[in-house]
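Have a look at the chain first, then read on.

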Amino acid sequence: MPRYKITYDKEKCIGAMTCVANSPDSWEYDGDRKVNLKGAVFNKETQKYELIIESNDDRFEKDMDAATGCPVDGVIKIERLDD
Ligand code: SF4
């Protein structure tokens with residue numbers, strides 16, 4: 001099953017909440033004008049949050065919508081990982 005990595009750049013997030021509306025199973029308000037990507041791990045090297053997800057996961061399509069709906073370019077990235 002294809003796996004994807006969601007990368008979230010919290011520093012550049014403006015808290016527009018489109019991601020929460022599109023994919024509430026993955027995104028939640030953090031209480032401080034930004035959001036959390038649920039279950040993501042912070043990568044100290046890149047300073048971004050990362051989460052691996054499979055394409056058959058129920059929230060995959062919604063997460064794609066969250067990425068395309070985010071108004072700030074590059075805040076949410078989804079890339080396919082090699083099998
Ligand atoms: S849609 Fe983008 S800018 Fe808005 S809260 Fe979500 S990640 Fe942040």
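A salt bridge here is a side-chain nitrogen of Lys or Arg within 4 Å of a carboxyl oxygen of Asp or Glu. By that rule, the structure holds five salt bridges. Keep in mind that this is a predicted model, where local features need pLDDT of at least 70, side-chain atom pairs count only at pLDDT 80 or more, and totals for chains, interfaces and linings use all residues. Residues are numbered from 1 along each chain as its sequence is written, and side-chain values use heavy atoms, with hydrogens and water left out.

**Salt bridges**
- Lys 5 and Glu 50 pair up through their side chains, at 3.8 Å from N to O.
- Lys 5 sits in strand S1 and Glu 50 in strand S5 (residues 48–54), so this pair ties together parts 45 residues apart in sequence. (Strands are DSSP runs of E, at least two residues, and helices are runs of H or I, at least four, numbered from the N terminus.)
- Both Lys 5 and Glu 50 are buried (under 20% relative accessible area; exposed is over 50%, partly exposed is in between, with a 1.4 Å probe and protein chains only).
- Arg 59 and Asp 57 also meet in a salt bridge, at 3.9 Å from N to O.
- Arg 59 is buried at 18% relative accessibility, while Asp 57 is partly exposed at 31%.
- Shared partners join Lys 5, Glu 50 and Glu 79 into one salt-bridge network.

**Positive phi angles**
- Met 17 isn't a glycine, yet its phi is positive, about 75°.
- You'll find Met 17 in the loop between strand S1 (3–8) and helix H1 (18–22).
- Arg 33, another non-glycine, has a positive phi near 65°, and it is exposed at 66% relative accessibility.
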